[in-house]
Amino acid sequence: MRFDVMTLFPEMFAPMLASGVTRRAFEGGPVQVQLWNPRDFAEGNYRRVDDRPFGGGPGMVMLAEPLRQCLAAIRAARGPENPPAPVVLFSPVGETLGHTGVQRWASSAGAVLVCGRYEGLDQRFVDTHVDLQISLGDFVLSGGEIAAMALLDAVARLQPGVLNDEGSHQLDSFNPALDGLLDCPHYTRPEVWDGQPVPDVLLSGHHAQIERWRRDRRLAITAQRRPDLIAAARAAGALSGADEAVLTGLGKSSPTRL
Ligand SMILES: C[S@@+](CC[C@H](N)C(=O)[O-])C[C@H]1O[C@@H](n2cnc3c(N)ncnc32)[C@H](O)[C@@H]1O
C-alpha cells in the first residue's frame, strides 16, 4: 500500500509517521508514505504556488500548474508496477470520512492524497485530476494536512500487526465486529479513584457477565448518543432479544450518566 501526499508543509508529517504504535505501519511496514511538495515543481525565483482569485475576494488560490507537475512526478515515481492510484482531495465539500471509508482504504493499494491550502485549488485541476473528495467533517481546517494524517493514522491502525493487541481495533467504536455500536467505558487501577469505585462486575472475574455488561453499556451509550447506529444494527439483524430487552429497559429506568 502506497500513499503519495502532495503538501506545501511536508514537515508536518514527520512526527506523526514516527510516533506511537502506528509508526510500525509506516517505518518499513505495510503503509508506505511519500511526501511531495508542489513548491518543488513551481517556476521562478519565488517558486510561487498561489495567486489571487479571479473575480476578486479575499485569500489566495493554489496554482494548477505546480500541482499538475507534482502529480506527473508522482505518477512516474509510482511506476507501471503499481496499480493506478486514485487522486483524493481533502475538502469540506467532500464526502465525510467514516469507518466504512477507512476500512476500504485500509485494504486498498493506496492513493495520491492532495492537501489544499489557502482558499483551495484552482478548480480546473480538481476537474481534470481529482477522482474523489473527502471531508473530515462540517468545519474548516487551514489545510488538508490534518485530514490526510487522520486518514493515514486510521488506515495504519487497521493493518495486521500494528496494534499491540492483535484484533483490538475490532473492539473499537463503529467496528462491524461489534455491530457498529459505540465503545463501552473502560477502567483501570486503582479500584477506587477519587471516591469512585470501578463497577463491581469488572472485578468479578466472571467472563460472561463482564461481556454482557459491556454489551449493555455499548447499547445504552449508542442509544443515547447515536440512535442512528442502533437503527442500523437493528436493520442488519444484529440485535438479539437480550439486546432489545436492554434497549426497552433504558426508556423505563432513570437516565444514567454515560
Ligand atoms: C481554508 S481551507 C479552504 C476552505 C474552502 N474555501 C471552503 O470554504 O470550502 C484550505 C484547505 O484545507 C482543507 N480542508 C479544510 N477543511 C477541511 C475539511 N473539513 N476536511 C478536509 N479538508 C479540509 C482543504 O484541503 C482546503 O483546500
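**Ligand shell and cores**

Biologist: Which residues surround the ligand, and what makes a residue count?
Modeller: The ligand is surrounded by 19 residues, with Phe90, Gly116, Leu141, Gly144 and Ala147 the closest. To count, a residue needs its C-beta atom, placed from the backbone, within 6 Å of the molecule. This is a predicted model: local features need pLDDT of at least 70, side-chain atom pairs count only at pLDDT 80 or more, and totals for chains, interfaces and linings use all residues. Numbering starts from 1 along each chain as its sequence is written.

Biologist: How does the shell divide into nonpolar, polar and charged?
Modeller: There are 9 nonpolar, 8 polar and 2 charged residues. Ala, Val, Leu, Ile, Met, Phe, Trp, Tyr, Cys and Pro count as nonpolar; Asp, Glu, Lys and Arg as charged; the others, Gly among them, as polar.

Biologist: Why is the largest set of 38 residues called a nonpolar core?
Modeller: Such a core is a set of buried Ala, Val, Leu, Ile, Met, Phe, Trp, Tyr and Cys residues joined through C-beta atoms within 7 Å. Buried means 20 or more other C-beta atoms within 10 Å of the residue's own; exposed means 12 or fewer, partly exposed in between, with C-beta atoms placed from the backbone. Met6, Val112, Leu113, Val114, Ala148 and Leu152 have the most contacts inside this core. H6 gives the most to it, 7 residues.

Biologist: How do you know that the span of H6 agrees with its 12 residues?
Modeller: The expected span is 1.5 Å times one less than the number of residues. That gives 16 Å, and the end C-alpha atoms of H6 are 16 Å apart, so the two agree. Helices (H or I, at least four residues) and strands (E, at least two) are DSSP runs, numbered from the N terminus.
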